[in-house]
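Welcome! Please have the view open as you read.

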Amino acid sequence: MTTHEDTMSTVITNIATLVTNDPSSGDGSPLGLVREAAVVIDGDRIAWTGDTRKAPATDNRFDAEGRAVLPGFVDSHSHLVFAGDRTEEFNARMSGRPYHAGGIRTTVAATRAAGDGELEANLTRLLGEALRQGTTTFETKSGYGLTVEDEARALRVAAAHTEEVTYLGAHVVAPEYADDPAAYVALVTGEMLDACAPHARWIDVFCEQGAFDGDQARAILTAGRARGLHPRIHANQLSYGPGVQLAVELDAASADHCTHLTDADVDALAHGSTVATLLPGAEFSTRAEWPDARRLLDAGVTVALSTDCNPGSSFTSSVPFCVALAVRDMGMTPDEAVWSATAGGAAALRRSDIGRLTPGARADLVLLDAPSHVHLAYRPGVPLVAGVWRSGVRVC
C-alpha cells in the first residue's frame, strides 16, 4: 500500500546552476542549464524544474544555498565483483620495473578462492565510494571467475545491487583452456551462458589481441543475443581491430575504450546507435595513449564517460576524477564531459529514465559544493559532492 510518506514531495531551491540535460530547458544548450533554479521531487521522480521564484509548494523544502545540482552520474562500465589486490603490479608499472605476475589471471585466482560474503563486502565498499562521489547508477560485470559456477555467482552477487549486470565470461581465456581457446568459447556460449543469462541484462567480450578475435567475439555476442542479452563490447583499447565495426554491426549498446580508431571506425559509430564509452582511468593508470574524444564528438558520435573501475588497470570509483581527465587530456569541454558522464552513460545503457532532470525522470541528483558543474574539472581531486539523492531519497 502506498503511504503519504511514500509520496512526499520536496523542492530544492536556490540552485545557482541546474543541469537538466534537456535542451528545451533553460539556456537551450545540450546541458539545458537553468540559472537560479529549483527542482521538485515527488516520490522517486522529478516533478518540476524551473525558476526558483516560481517553485510550487511542497511537503519539504531544501535550500541549495547557491550551489549547483546535476543528474546523478551514470557509470556504465565497471568490474566490481572481485577479490584480491594488484598493488605490486601497479607499483612496478609506475616505477618502470618489469612485472611478470598474471594480470587478470591473478584476480581470477583470488576471486575463485573468495567466498560470496567476501565478494559482496568488496562490492558494497566500492559502491559506497562511488555513491559518495555522485554515482547513482552503475553497470558491473562478471569476468573474474571464468568457470560456470564462479561466473554465475558473480552475477548473482551483482544483481542484488543493480539492474545493469553484464555477463563477461569472455574477459580472457580461462587458464585451464589456454591450449584450447575454441573449447573455452564453446563453454562461454553454451553451459556458462545457460547458467549466467538468468542473472544478466548484457553480454560483453574483450575483443583484442591476446583475448578474443573478431570471429570469436561475434560468436559470443550472437549467442548471448539469442538468449536475450544485449551486446556491449571492449573494443580497440590496445590496438586497431574489428571490435568497433562488430559493435555497430550487432547494434551493441556501447563500444568501450575506443582508443585506436580508423576513420571508418569513427564513421561507423557516427552513423550507428552504438555509444563510444571512454574510460580515462585506464589510460591514467597504465600511461597509455589517450582516446581522442574531440575526434569522436566532432564526427557526431555519442560519447559516454565511465570509470572502468577494476583492480588492475583503473582502480578508481570516481566519475568526477574521470571528468577532469577527459577535459584535461581527451579534448572535451567541461560541458561535454559532464553530459557524457550523465546522459551519455544513460545512452550507453539505453535508459531514458536516468541521466537527466526532467519531469518523469528518476530523481537521482547530485549537489555540488560549487556554483557550477564546471568546477568538476576546474577543481580536480577536490571532494565537491555535498549531497546525493537516489530515487528521491537523500542518501549522502
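## Aromatic rings

Rings of Phe, Tyr and Trp (its six-membered ring) pair if their centres lie within 6.5 Å; planes under 30 degrees apart count as stacked, over 60 as edge-to-face and the rest as tilted. This is a predicted model, in which local features need pLDDT of at least 70 and side-chain atom pairs count only at pLDDT 80 or more, while totals for chains, interfaces and linings use all residues. Residues are numbered from 1 along each chain as its sequence is written, and side-chain values use heavy atoms, with hydrogens and water left out.

By the ring rule there are 6 aromatic pairs. In one of them, the ring centres of Phe62 and Trp389 are 5.3 Å apart and the planes stand at 80 degrees, so this pair is edge-to-face. Phe62 belongs to strand β4 (residues 60-71) and Trp389 to strand β16 (residues 385-390), so the pair ties together parts 327 residues apart in sequence; helices (H or I, at least four residues) and strands (E, at least two) are DSSP runs, numbered from the N terminus. Trp389 is buried, at 6% relative accessible area. Here buried means under 20% relative accessible area, exposed over 50%, and partly exposed in between (1.4 Å probe, protein chains only). Tyr177 and Tyr184 make a tilted pair, 5.5 Å centre to centre with 50 degrees between the planes. Tyr177 is partly exposed at 26%, whereas Tyr184 is buried at 0%. Ring pairs also link Phe82, Tyr144 and Phe315 into a cluster.

## An enclosed strand

How many of the residues of strand β9 are buried? In β9 (residues 202-207), 6 of the 6 are, so the strand is largely enclosed by the rest of the structure. Trp202, Asp204 and Phe206 cover one side, and Ile203, Val205 and Cys207 the other.

Which strands does β9 pair with? Two strands pair if DSSP finds at least two bridges between them. Strand β8 (residues 165-170) and β9 are parallel, with 3 bridges, and Ala170 stands opposite Val205. Strand β10 (residues 230-231) is also parallel to β9, with 2 bridges, and Ile203 faces Pro231 there. Between β9 and β10 the chain passes through helix α7 (residues 214-226) in a right-handed β-α-β crossover; right-handed means that, with the strands pointing away from the viewer, the path from the first strand over the helix to the second runs clockwise. Strand β11 (residues 233-235) runs parallel to β9 with 2 bridges, and Cys207 has Ala235 as its bridge partner.

## Cysteines

A disulfide is a pair of cysteine sulfur atoms within 2.5 Å, and the count here is 0. The sulfur of Cys258 is 12 Å from the closest cysteine sulfur, in Cys207, which is too far for a bond. Cys258 is buried, at 1% relative accessibility.

## Charged pairs

A salt bridge is a side-chain nitrogen of Lys or Arg within 4 Å of a carboxyl oxygen of Asp or Glu, and the count is 23. One of them joins Arg112 and Glu176 at 2.5 Å, N to O. Arg112 sits in helix α2 (residues 104-113) and Glu176 in the loop between β8 and α5 (181-189), 64 residues apart.

Another joins Arg295 and Asp263, with the closest N and O atoms 2.8 Å apart. Arg295 is partly exposed at 29%, and Asp263 is exposed at 60%. Shared partners join Glu164, Arg201, Arg351 and Asp353 into one salt-bridge network.
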